[in-house]
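Visitor: I am new to this structure, and I would be glad of a careful walk through it, taken one question at a time.
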Amino acid sequence: MNETTTAPAATRVMPVGDTSDVPHIIIVGGGAGGLELATRLGDKLGRKKKAQISLIERARTHVWKPLLHEIAAGSMDVSRHEVEYQAQGYWHGFQFRYGEMTGIDSKKQLVYLAATFDEEGRQITPVRSFRYDMLIIAIGCVGNDFGTPGVNEYAIMLDTPEEAERFNRRLINACVRAYAQPEPIRPGQLHVAIIGAGATGTELAAELHQTTRGVVAFRLDQIDPEKDIEISLIEAAPRILPALPERISEAVTKALLDLHVEIRTGLPVTAVTAEGVKLSDGSFIPSELVVWAAGVKGPDVLAKLDGLEVSRSNQLVVTDTLQTTRDPNIFAFGDCAYLVPKGASTPVPPRAQAAHQEASHLYTEILRKLRGEPLRPFKYRDFGSLVSLGEYSTVGSLMGFIGGRNLFVEGLFARLMYRSLYKMHEMALHGPGKVFLDTLSRMLTRRTEPVVKLH
Ligand SMILES: Cc1cc2nc3c(=O)[nH]c(=O)nc-3n(C[C@H](O)[C@H](O)[C@H](O)COP(=O)(O)OP(=O)(O)OC[C@H]3O[C@@H](n4cnc5c(N)ncnc54)[C@H](O)[C@@H]3O)c2cc1C
């Protein structure tokens with residue numbers, strides 16, 4: 001099943017700098033997990049030249065992925081939350097290597113990178129390869145359309161900040177178009193269909209409800225949000241949030257129905273067209289704005305990594321030490337890794353809290369490995385699940401909170417807990433002082449800027 005990648009013809013093996021007598025640790029993917037690990041290893045080893053730490057990443061800036069639905073809805077200004085990889089590397093002792101990993105050669109211990117180009121098509125970086133002593137892959141996952149016709153052409157997946165922004169532009173343009181046109185608004189013209197009612201789709205539905213009203217409030221007065229703007233949440237499972245406890249699902253269903261979000265459950269989508277979404281019972285939802293948030297899989301490149309084992313969902317299969325099963329010198333973690341913990345029947349879920357825990361675990365274990373000590377197994381701890389309905393509410397459950405029992409939470413407390421996951425990520429990247437100042441500055445400027453993006 002696995003293909004083997006051959007070295008691209010024009011590959012240039014890049015020198016790793018003046019520290020080639022120390023181990024070279026390469027992390028591929030600077031997301032929720034990878035950037036935390038690169039920062040911590042850079043601070044601990046890179047700055048003191050005890051190891052060379054490199055981060056390979058195909059983007060130039062980092063945005064924490066769980067914020068993407070807020071970017072798509074227009075309630076968040078991306079520039080306030082972006083981290084520049086080059087600067088982060090400079091401040092925290094790691095080398096940033098810009099480019100997309102296209103393959104590896106595990107015998108020669110090389111990672112291959114594609115060339116990069118600017119908007120005018122001029123090359124920025126050439127095809128390159130880097131030698132590693134230890135390789136850590138953390139490239140996340142991508143939306144899975146399960147072969148559904150029309151998804152690629154007509155729906156948007158929220159995999160990257162660019163896609164989230166593209167959806168937001170589509171939404172604002174649709175509102176401005178509807179406002180300026182002489183004829184009445186067509187059925188489906190301002191209808192958003194969100195396919196997949198996991199946490200991402202559900203949170204997006206609530207966030208969109210709020211921001212579309214915000215956009216219209218800026219004098220797009222030919223649009224009546226109650227009549228013209230519709231939001232449908234479509235789920236193949238019998239209830240929304242199928243992976244979360246029933247009580248959370250019920251509370252969120254009620255909150256969304258109160259907002260007049262249409263909920264269609266138990267109905268797989270059979271096709272997406274330019275006009276809307278076809279369901280398995282033959283019904284059709286007219287909708288010119290479609291988001292696909294129904295499941296994830298590993299990026300295609302993982303199946304081409306020199307024979308490393310992949311799961312059915314194309315994630316790298318790892319042991320409990322987060323080493324890939326066929327090459328102990330290559331680690332994988334976060335969404336791109338497939339780990340079924342001992343005694344468990346399901347894999348560690350693709351969530352930011354798992355990526356964060358794994359990054360912390362690998363940090364200590366890599367230090368142990370460099371000291372020649374044996375690696376210890378990773379133990380995932382599920383702290384619970386929280387679903388944010390934007391300004392309306394936050395609900396969820398905290399696991400093993402009081403006396404080992406699960407605690408149902410909602411309101412302000414739940415919101416603070418929800419935000420704390422992002423704060424933990426920011427702390428791992430910047431430390432407490434900068435996080436405090438950034439939070440304060442965002443709170444102050446929120447009062448002087450529109451709460452929704454209008455362009
Ligand atoms: C809208 C949304 C909301 C979410 N909300 C929550 C939530 O509330 N709570 C929660 O726990 N989880 C949430 N998640 C899931 C969470 O975002 C992921 O589990 C988490 O980001 C995984 O971290 P990661 O480091 O494995 O991958 P990512 O954060 O996805 O990072 C992967 C990185 O790898 C880079 N990359 C990809 N391919 C290559 C390549 N070939 N070469 C080089 N670089 C590459 C990408 O550019 C990216 O920077 C949400 C996800 C989405 C989309």
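**Around the ligand, and beyond**

Guide: As a starting point in this predicted model, a backbone N or O atom of Ala 32 lies 3.0 Å from an oxygen atom of the ligand.

Visitor: At what distance from an oxygen atom of the ligand does a backbone N or O atom of Ala 352 lie?
Guide: Two further residues have a backbone N or O atom to consider here. For Gln 353, that atom lies 3.4 Å from an oxygen atom of the ligand. For Ala 352, the distance from a backbone N or O atom to an oxygen atom of the ligand is 2.9 Å.

Visitor: How much of the accessible area that the ligand has on its own does the protein cover?
Guide: The ligand is surrounded by 30 residues, and Gly 33, Glu 57, Met 101, Asp 335 and Ala 352 are the closest. On its own the ligand has 1,000 Å² of accessible area, and the part of this that the protein covers is 90%.

Visitor: Which element gives the most residues to the shell around the ligand?
Guide: The residues of this shell divide into 13 nonpolar, eleven polar and six charged. Two or more residues come from each of helix H9 (352–370) and helix H10 (412–430). The element that gives the most, with three residues, is H9.

Visitor: How many disulfides does a search of the whole structure find?
Guide: Cys 336 is buried, because its relative accessibility is 0%, and its sulfur is 8.5 Å from the closest cysteine sulfur, in Cys 141, which is too far for a bond. Cys 175 is buried as well, with a relative accessible area of 2%. For the whole structure, the number of disulfides found is zero.

Visitor: How many residues apart in sequence are the parts that the pair of Trp 64 and Tyr 422 ties together?
Guide: Trp 64 and Tyr 422 form a stacked aromatic pair, with 5.0 Å from centre to centre and 25° between the planes. Trp 64 lies in the loop between strand E4 (61–62) and helix H2 (68–73), whereas Tyr 422 lies in helix H10, so the separation in sequence of the parts tied together is 358 residues.

Definitions and conventions:
Residues are numbered from 1 along each chain as its sequence is written. This is a predicted model: local features need pLDDT of at least 70, side-chain atom pairs count only at pLDDT 80 or more; totals for chains, interfaces and linings use all residues. Side-chain values use heavy atoms; hydrogens and water are left out. A residue is near a molecule or strand if one of its heavy atoms lies within 4 Å of it. A polar contact is a pair of N or O atoms within 3.5 Å; within protein, one must be able to donate a hydrogen and the other to accept it, and residues adjacent in sequence count only if both atoms are side-chain atoms. Accessible areas come from the Shrake-Rupley method with a 1.4 Å probe; for residues, only the protein chains shown count as cover. Helices (H or I, at least four residues) and strands (E, at least two) are DSSP runs, numbered from the N terminus. Ala, Val, Leu, Ile, Met, Phe, Trp, Tyr, Cys and Pro count as nonpolar, Asp, Glu, Lys and Arg as charged, and the others, Gly among them, as polar. A disulfide is a pair of cysteine sulfur atoms within 2.5 Å. Buried means under 20% relative accessible area, exposed over 50%, partly exposed in between (1.4 Å probe, protein chains only). Rings of Phe, Tyr and Trp (its six-membered ring) pair if their centres lie within 6.5 Å; planes under 30 degrees apart count as stacked, over 60 as edge-to-face and the rest as tilted.
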